[in-house]
Amino acid sequence: MTEVISLINEKGGVGKSTSAITIAQILAISEYKILLTLINNPKKIYSREKLLESAIEGYYEKGDRAIDSHIKNLRQKIEEDSRNPKIIQTVYGVGYRFGL
């Protein structure tokens, strides 16, 4: 099954679409900013701190795991199986990257 991610910038939404099913999810602003950051440079691995900086303006506290909650919520909205993510991949000990 081919998966297509389409960004709708005006509405801040991401749609996940397969050949038989179309699911549209509206993302929180922080989730949308995280996803855009990952998509803009898909080969790059982003640390938690860098993703937080891009998602929450003025946020620079090191060691905070808030990004993990944002990633978990984002995966639940856009992944077919959030326990085996293909779109947002974890790079253990480093951070996250866009996987498509």
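## Ground rules

Residues are numbered from 1 along each chain as its sequence is written, and side-chain values use heavy atoms, with hydrogens and water left out. Since this is a predicted model, local features need pLDDT of at least 70 and side-chain atom pairs count only at pLDDT 80 or more, while totals for chains, interfaces and linings use all residues.

## Overall fold

The protein has 3 helices and 5 strands, taken as DSSP runs numbered from the N terminus (helices are H or I, at least four residues; strands are E, at least two). Reading from the N terminus, the order is β-β-β-α-α-α-β-β.

Of the 100 residues, 34% are buried (under 20% relative accessible area with a 1.4 Å probe, protein chains only; exposed is over 50%, partly exposed in between). Take the contacts (heavy atoms within 4.5 Å) between residues at least 6 apart in sequence: 41% of them join residues at least 24 apart.

Helix α2 spans residues 48–55, and its buried residues are Arg48, Leu51, Leu52 and Ala55. They sit on the same side of α2 because they cover an arc of only 100° around the axis, going by the directions from the helix axis to the C-beta atoms. The cover over these buried residues includes α1 (29–40), α3 and β5.

Over in helix α3 there's aspartate 68, which is buried at a relative accessible area of 19%. Setting aside neighbours within four places in sequence, aspartate 68 touches Arg48 and Tyr96.

Strands β4 and β5 run antiparallel, paired over 4 bridges (DSSP has to find at least two bridges for two strands to pair). Threonine 90 has tyrosine 96 in β5 as its bridge partner. The hairpin leaves 3 residues between the strands, and glycine 93 in the turn has a positive phi of about 80°.

## The largest pocket

The largest pocket holds about 310 Å³ of space. A pocket here is an open set of points on a 1 Å grid over the protein atoms alone, with protein on both sides within 12 Å along at least five of seven lines; a 1.4 Å probe fits at the points, and lining residues have an atom within 4 Å of one. Points are joined across faces, edges and corners, and the volume is the space filled by probe spheres set on them.

The lining comes to 15 residues, with Arg75, Ser82, Arg83, Pro85 and Thr90 nearest the centre. At least two lining residues come from each of α3 (66–78), β4 (88–91) and β5 (95–98).
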